[in-house]
Amino acid sequence: MYDVAIIGGGPAGLSAAVYAARYKMSCAVIAPLWGGFVTEAHLVENWLGDKSVSGLDLSQRFIDHVKSLDVPMINEDVKSITKTKDFFEVTTTKEVLTAKKIILALGTERNKLGVKGESDFLGKGVSYCATCDGFFFRDKIVVVAGSGDAACTGSTFLANIAKKVYLVYRSSSLKAEPIWIDKIKKLKNIESIPSANIAEIMGDSKVEKVLLDNGKTIKTDGVFIEVGSTPATFLIDKLGIKTDEKKYIIVDQGQKTNVEGVFAAGDMTTNSSKFKQIIVAASEGAVAVYNAYIDLKS
């Protein structure tokens with residue numbers, strides 16, 4: 001039996017694993033993929049100590065750190081978590097683990113536009129990851145949907161590859177950090193289209209154009225959807241964990257949920273003003289483990 005089972009392989013989960021090892025807690029971190037959304041970031045320029053680093057490189061350093069501490073990293077999906085009288089059973093695709101405490105660090109899932117053609121052209125021009133698929137669009141025309149940091153960083157990345165980038169967003173102005181907005185304005189091959197939504201993605205065997213709700217049609221080879229994310233809550237319902245109206249897990253200042261023995265950290269929680277940043281997720285993971293450790297010692 002583990003002292004703590006950490007569910008999730010992003011910054012919150014990996015940070016929790018590092019601190020658990022430092023507290024000499026027996027723990028395992030379980031996830032189907034390692035690194036979280038950080039791996040998709042073109043550049044990270046707000047991680048303390050690194051003026052600029054690719055998301056892939058930064059996440060690999062996180063992973064290597066955990067591995068150096070000999071923390072079991074179980075590369076499997078978690079199918080269910082069941083609370084018994086004295087411990088938790090974590091059922092993965094291959095085994096059943098037991099733990100005294102649980103830390104949920106599942107992060108969030110990509111939001112979809114929900115428009116006609118979006119699912120039909122997935123992998124045929126529609127993508128949710130600019131850094132993953134951007135190189136397929138060298139010297140082509142692409143559309144990016146979204147107004148936040150992810151949309152702006154994705155657009156600046158694509159601007160170095162594609163011939164033309166249209167940045168479409170429903171608000172009247174961009175919602176990203178000012179530094180990213182400044183970069184967007186300096187890149188001549190990015191054209192912003194505010195106060196508009198993609199109404200339909202069109203084409204024959206692949207994406208060929210998008211129709212906007214203002215009636216305008218844009219010819220394009222690809223559509224990158226960066227319209228935010230929502231908490232990944234598929235494991236929490238049966239545990240009776242309370243969430244707010246948008247499904248973010250409600251936690252106290254110690255990252256405790258309403259269910260005794262269950263903690264949550266990272267983008268899926270109500271803490272830190274829901275400020276979805278790598279440094280915030282990592283700190284919440286550390287706080288969650290610290291309080292799990294205190295509970296076990298009391």
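**Aromatic pairs, cores and a pocket**

F137 is buried, at a relative accessible area of 9%. Buried means under 20%, exposed over 50% and partly exposed in between (1.4 Å probe, protein chains only). The model is predicted: local features need pLDDT of at least 70, side-chain atom pairs count only at pLDDT 80 or more, and totals for chains, interfaces and linings use all residues. Residues are numbered from 1 along each chain as its sequence is written, and side-chain values use heavy atoms, with hydrogens and water left out.

Six aromatic pairs were counted. Rings of Phe, Tyr and Trp (its six-membered ring) pair if their centres lie within 6.5 Å; planes under 30 degrees apart are stacked, over 60 edge-to-face, and the rest tilted. The rings of F137 and F224 are edge-to-face, because their planes stand at 75°, with centres 5.3 Å apart. F224 is buried, at 1% relative accessibility. F137 lies in the loop between α3 (130-133) and β9 (141-145), and F224 in strand β15 (residues 222-225), so the pair ties together parts 87 residues apart in sequence. Helices (H or I, at least four residues) and strands (E, at least two) are DSSP runs, numbered from the N terminus.

The rings of Y23 and Y290 form a tilted pair, with centres 6.3 Å apart and planes at 50°. Y23 sits in the loop between α1 and β2, and Y290 in helix α6, 267 residues apart. Y23 is partly exposed at 26%. Y290 is partly exposed at 40%. Ring pairs link Y19, Y23, Y290 and Y293 into a cluster.

The largest nonpolar core has 31 residues. Such a core is a set of buried Ala, Val, Leu, Ile, Met, Phe, Trp, Tyr and Cys residues joined through side-chain atoms within 4.5 Å. V4, I6, W47, L58, V71, I103 and I278 touch the most other members. β1 (2-7), α1, β2 (27-30), α2 and α6 each give two or more residues to this core. α1 gives the most, with seven residues.

W47 also lines the second largest pocket. A pocket is an open set of points on a 1 Å grid over the protein atoms alone, where a 1.4 Å probe fits, with protein on both sides within 12 Å along at least five of seven lines; lining residues have an atom within 4 Å of a point. The largest share of the lining, five residues, comes from α1. Y19 and R61 are among the lining residues.
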